[in-house]
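Please look over the model below before reading my notes. The points follow the order in which I would go through it.

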Amino acid sequence: MSNERRVLVYPDKNALVESVSARFLSKTADVIRDRGVAHVCLTGGTVGIAVLAAVSTSPARDALDWSKVHFWWGDERWVAGASDDRNEKQAREALLDGLDVPAGNVHAFPSTDGGLSLDEAADAYASELASFGGDELAAPRFDITFLGVGPDGHIASLFPDREGIRETERTVIAVRNSPKPPPERLSLTRPVLNASARIWLVLSGSDKASALGLALAGASYTEVPAAGAKGRKRTVFFVDRDASAEVPERLIAQDY
Ligand SMILES: O=C(O)[C@H](O)[C@@H](O)[C@H](O)[C@H](O)COP(=O)(O)O
């Protein structure tokens, strides 16, 4: 199996979201069949949440044994637990609240009202990850990691030219002075994200075209963090036509 990066282009955001949600359901079922459990890492952002909403309304949804799925997040905004800005809250409303998932399988980042400082929250999430980790990585090796991509090329809360994107020791970092509000965030680091079997990046809109073009043209990941996303088995960029404007034709795959 090749682990080269692939780009799949869809006519519009809707087609992209429908395709990714269907692939998610079938791949997660495969993983559960093969391994007995699936660890999935979610992203915030409009496309990632739209994928979850599409999973929620899919007829195939109820065929999956959701008790075998663990949900994690690639990053979180450091806000109150009830804030609409929480990636967790958006994911719960779009999908998780309607599923039969044991509460212990939903591994959300702490929030500002949990009594922890930002650094303590990062440590707490690192411990949670470590309890599912092995000898070589203090975190689960996710089966599927979703990543949204910002117009600046950021993934999770790893921003261009910031220290977070270079972090290789810690699994979780506290982010301060984020260029995108809110200024304080929590994020997984590259080693954890790239330990995933599959990374599925989801991009829609012309404001992503430049970052995507640069990521695929060999930009350094410190300048364009999306360039550094690489799953162990697969790295797929699911993009709509507008986001694909600067993707070289030869890199566009016909199928997964
Ligand atoms: O934490 C955040 O502020 C967002 O989650 C952000 O990182 C998002 O994932 C990307 O900007 C892609 O967003 P869209 O999917 O809306 O394009």
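**Notes on the model**

1. Three strands make up an open sheet: 3 strands in the order S4-S7-S6, with antiparallel pairing. Strands here are DSSP runs of E of at least two residues, helices are runs of H or I of at least four residues, and both are numbered from the N terminus. Two strands count as paired if DSSP finds at least two bridges between them. S4 and strand S6 (172-175) are the edge strands, each pairing on one side only. From one strand to the next, the twist averages 15 degrees.

2. Within this sheet, 3 bridges connect S4 to strand S7 (residues 185-188) in the antiparallel sense. Glu76 lies opposite Leu186 in S7. Helix H4 (residues 118-130) packs on the sheet and touches S6 and S7; its direction makes about 160 degrees with that of S6. Contact requires C-beta atoms, placed from the backbone, within 7 Å. Axes are lines fitted to C-alpha atoms, for helices over the stretch in contact, and angles between N-to-C directions run from 0 to 180 degrees.

3. All of this is a predicted model: local features need pLDDT of at least 70, side-chain atom pairs count only at pLDDT 80 or more, and totals for chains, interfaces and linings use all residues. Residues are numbered from 1 along each chain as its sequence is written. The protein has a mean pLDDT (the predictor's confidence in each residue, from 0 to 100) of 96, and 98% of its residues reach 70 or more. For the complex, the predictor gives an ipTM of 0.87 and a pTM of 0.96.

4. Another open sheet has 6 strands in the order S1-S9-S8-S5-S2-S3, and its pairing is parallel. Strand S1 (5-10) and strand S3 (69-73) are at the edges with a single partner strand each, so one side of each has no neighbour in the sheet. Strand S5 (residues 144-148) runs parallel to strand S8 (residues 198-203), joined by 5 bridges. Leu147 has Leu201 in S8 as its bridge partner.

5. Which residues come nearest the ligand? Of the 13 residues around the ligand, they are Gly44, Gly45, Thr46, Gly148 and Gly150; a residue is near if its C-beta atom, placed from the backbone, lies within 6 Å. Helix H2 (46-57) and strand S4 (75-77) are the elements that give two or more residues to this shell. H2 gives the largest share, 3 residues.

How values were computed:
Contact = placed C-beta atoms within 7 Å.
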